[in-house]
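Colleague: I'd like to go through the labels on this one and hear what stands behind each of them. Can you show me the chain?

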Amino acid sequence: MVPVHAAMTVEETGVNPLDVDPNGFRERCARRIQQGRVWFVFEDEHLLFKADVISDLPDVNYLEGIYVSPENRGLGFGTRCMKQLTNVLFDSYEVS
């Protein structure tokens with residue numbers, strides 16, 4: 001997951017966090033996973049989907065770092081993953 005997240009950071013900022021602070025970047029990625037803030041799908045050790053949940057509040061969810069593996073793009077796979085993720089996030093709060 002770290003190489004994919006780093007590549008996304010390079011695309012966004014032009015800076016590779018694995019060059020600037022490799023240990024810190026890996027620690028931050030691991031911490032997000034441990035906190036349950038990264039949703040992902042792996043198959044045979046290959047990352048197919050990932051999304052970082054930056055904010056999970058009753059009124060708003062903020063996601064970033066959405067990734068779908070190239071071979072799964074355009075097939076509805078990412079849409080299905082996002083639908084499942086949003087359902088889980090929305091279901092975690094009671095409707096008043």
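Modeller: Let's start with a term: a polar contact is a pair of N or O atoms within 3.5 Å; within protein, one must be able to donate a hydrogen and the other to accept it, and residues adjacent in sequence count only if both atoms are side-chain atoms. Bear in mind that this is a predicted model, where local features need pLDDT of at least 70 and side-chain atom pairs count only at pLDDT 80 or more, while totals for chains, interfaces and linings use all residues. Residues are numbered from 1 along each chain as its sequence is written, and side-chain values use heavy atoms, with hydrogens and water left out.

Colleague: What makes the pair Asp-52 and Arg-32 a polar contact?

Modeller: Their side chains come to 3.1 Å, and the limit is 3.5 Å, so the pair counts. Asp-52 has another such partner: its side chain and that of Lys-50 are joined by a polar contact of 2.3 Å.

Colleague: Where does Asp-52 sit, and how do you know whether it is buried or exposed?

Modeller: Asp-52 belongs to strand β2, residues 46-56. Strands here are DSSP runs of E with at least two residues, helices are runs of H or I with at least four, and both are numbered from the N terminus. As for burial, buried means under 20% relative accessible area, exposed over 50%, and partly exposed in between, using a 1.4 Å probe and protein chains only. Asp-52 has 2%, so it is buried.

Colleague: Which residues does Asp-52 touch, leaving aside neighbours within four places in sequence?

Modeller: With contact meaning heavy atoms within 4.5 Å, the list is His-5, Arg-32, Arg-37, Val-38, Tyr-62, Leu-63, Glu-64 and Gly-65.

Colleague: Why is α1 called roughly perpendicular to α3?

Modeller: Helix α1 (residues 2-13) and helix α3 (residues 22-34) pack at about 110 degrees, with their axes 11 Å apart. Angles under 35 degrees count as roughly parallel, over 145 as roughly antiparallel, 65 to 115 as roughly perpendicular and the rest as oblique. The α1/α3 angle falls in the 65 to 115 range, so roughly perpendicular is the label. The axes are lines fitted to C-alpha atoms, for helices over the stretch in contact, and angles run from 0 to 180 degrees between N-to-C directions.

Colleague: Which residues make that contact, and how do they split by class?

Modeller: On α1 they are Val-2, His-5, Ala-6 and Thr-9, and on α3 they are Phe-25, Arg-26, Cys-29 and Arg-32. That gives four nonpolar, two polar and two charged residues. The classes work like this: Ala, Val, Leu, Ile, Met, Phe, Trp, Tyr, Cys and Pro are nonpolar, Asp, Glu, Lys and Arg are charged, and the others, Gly among them, are polar.

Colleague: Over to another spot. Why does Asn-72 count as buried?

Modeller: Its relative accessibility is 16%, and the buried label applies under 20%, so Asn-72 gets it. Asn-72 is in the loop between β3 (61-68) and α4 (77-91). Its side chain has a 2.7 Å polar contact with that of Ser-69. Not counting residues up to four places away in sequence, Asn-72 touches Leu-48 and Phe-77.

Colleague: And what makes Phe-77 buried?

Modeller: Phe-77 has 15% relative accessibility, again below the 20% limit, so it is buried. Phe-77 lies in helix α4. Beyond its neighbours within four places in sequence, Phe-77 is in contact with Val-41, Leu-48, Phe-49, Val-68 and Asn-72.

Colleague: Why is Ala-7 called partly exposed?

Modeller: Ala-7, in helix α1, has a relative accessible area of 38%, which lies between 20% and 50%, so partly exposed is the label.

Colleague: How do you know that Asp-44 and Glu-45 are exposed?

Modeller: Asp-44 has 75% relative accessibility and Glu-45 has 79%. The cut-off is over 50%, so both count as exposed. Phi is positive at each of them, about 50 degrees for Asp-44 and near 65 degrees for Glu-45, although neither is a glycine.

Colleague: How many helices and strands does the chain have, and what percentage of its residues count as buried?

Modeller: There are four helices and three strands, running α-α-α-β-β-β-α from the N terminus. Of the 96 residues, 27% count as buried.
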